[in-house]
Amino acid sequence: MTPTLTRRRFIHISAAAAGLGALSVGGPIRAEVAPVIWRGTMLGAVATLEIHDEDRSRAERLISLACTEARRLERQFSLYMKDSALAELNRTGILVGPAPEMVELLAASQRYSALTEGAFDPTVQPLWELYADHFAREGADPGGPSTAAIQAALRRVGHRRLSVSRDRIALPHGMTLTLNGIAQGYVTDKVVELLQAQGISHSLVDMGETRAIGARPDGRPWEVGVADPEVASRTATIVPIVDRAVSTSGSYGFRFDPEGRFNHLFDPATGGSAHRYQSVTTVARSATAADALSTAFSLMPKERIRSLLPYVDVERVHLIDAAGKSSEIAI
């Protein structure tokens, strides 16, 4: 299993109709000028850009600028690049003079941790390491790591122990961070800001999470198809968006064991995995919020999710529960 692909959320965007190879939903885009489309990988996820502009050469230049910016941010936030800023922080426990984007993203992480009472927690990386090491061993206990091992890992988890300022970022000894539950959304937002500053009013950006700039050129909403957790090639629901971001988290995204008892959505309170829902899809103004909160909401009952919506910049939440039943919560 390639580690850089382990936490990709399984969202399939309507840009597939233009030949991107993802799940196709909706009809073809009717525009006077064909979109310029780029597809690649970013932060270990499939990434796409679809830009609509009358000047094709300008659109191609903006694709290049957007990718350059995304790669720059990837070198800050990647968990798997040995020379990334995050890798240095995890290795040494401190970053002196951190990049403004690292400070901004970690400050956002702390805010979402506080709002969700720790359900979103970037310090859960020790749990990932514990489960990955356990199931990598030959003859691993299918019941998972021992209670003692989980408790030992949990002693290295706790968002309140992360210290963030413009001058330095510090972690207590033994703690490690993952930004895989928020960085893709943040990078998507930064690319959107770059394109908007250049006057782009119709675009679809997916740097691991999806965000629309405006509507389609013909005025219709963009359509985001959320994959069926049981059959990835099938659409479970279609989410129309205009100037909004969408993120999906699901326990099926990565499983440590063949039976799927242990997945990457960790409960920072218990060290266990989320099983309340098969998938959680959030619609928000920013991809950063959509990304972080699709993770946090995976651990919460509907009543708790509903109570948080007015405070977390999320407008709608689409849920597929453990039995496969779909429902929606909206402000």
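## Reading burial, helices and overall shape

Reader: Is Ala136 buried or exposed?

Author: Buried means under 20% relative accessible area, exposed means over 50%, and partly exposed is in between (1.4 Å probe, protein chains only). Ala136 has 64% relative accessibility, so it counts as exposed. Before we go on: this is a predicted model, where local features need pLDDT of at least 70 and side-chain atom pairs count only at pLDDT 80 or more, while totals for chains, interfaces and linings use all residues. Residues are numbered from 1 along each chain as its sequence is written, and side-chain values use heavy atoms, with hydrogens and water left out.

Reader: Where does Ala136 sit?

Author: Helices are DSSP runs of H or I with at least four residues, strands are E runs of at least two, and both are numbered from the N terminus. Ala136 belongs to helix α4 (residues 125-136).

Reader: How do I read the span of a helix, say α1?

Author: The expected span is 1.5 Å times one less than the number of residues. Helix α1 (residues 56-77) has 22 residues and reaches 31 Å from first C-alpha to last, close to the expected 32 Å.

Reader: Which residues of α1 are buried?

Author: Here's the general idea: an α-helix has 3.6 residues a turn, so residues three or four places apart point the same way. In α1 the buried ones include Ala59, Leu62, Ile63, Ala66, Ala70, Leu73 and Phe77.

Reader: What do the buried residues of α1 pack against?

Author: For packing, contact means heavy atoms within 4.5 Å. The partners are β2 (36-42), β3 (45-51), α2 (85-92), α3 (100-115) and α6 (183-197).

Reader: And which residues of α2 are buried?

Author: Ala85, Leu86, Ala87, Leu89 and Asn90. They pack against α1, β4 (94-96), α3 and β6 (168-170).

Reader: Zooming out, what is the radius of gyration of the protein?

Author: That radius is taken over C-alpha atoms, and the globule rule is 2.2 Å times the number of residues to the power 0.38. For 331 residues a compact globule would come near 20 Å, and the protein's 19 Å agrees. The C-alpha trace spans about 65 × 50 × 40 Å along its principal axes.

Reader: How many helices and strands are there?

Author: The protein has 8 helices and 14 strands. Of its 331 residues, 56% count as buried. Among contacts between residues at least 6 apart in sequence, 62% join residues at least 24 apart.
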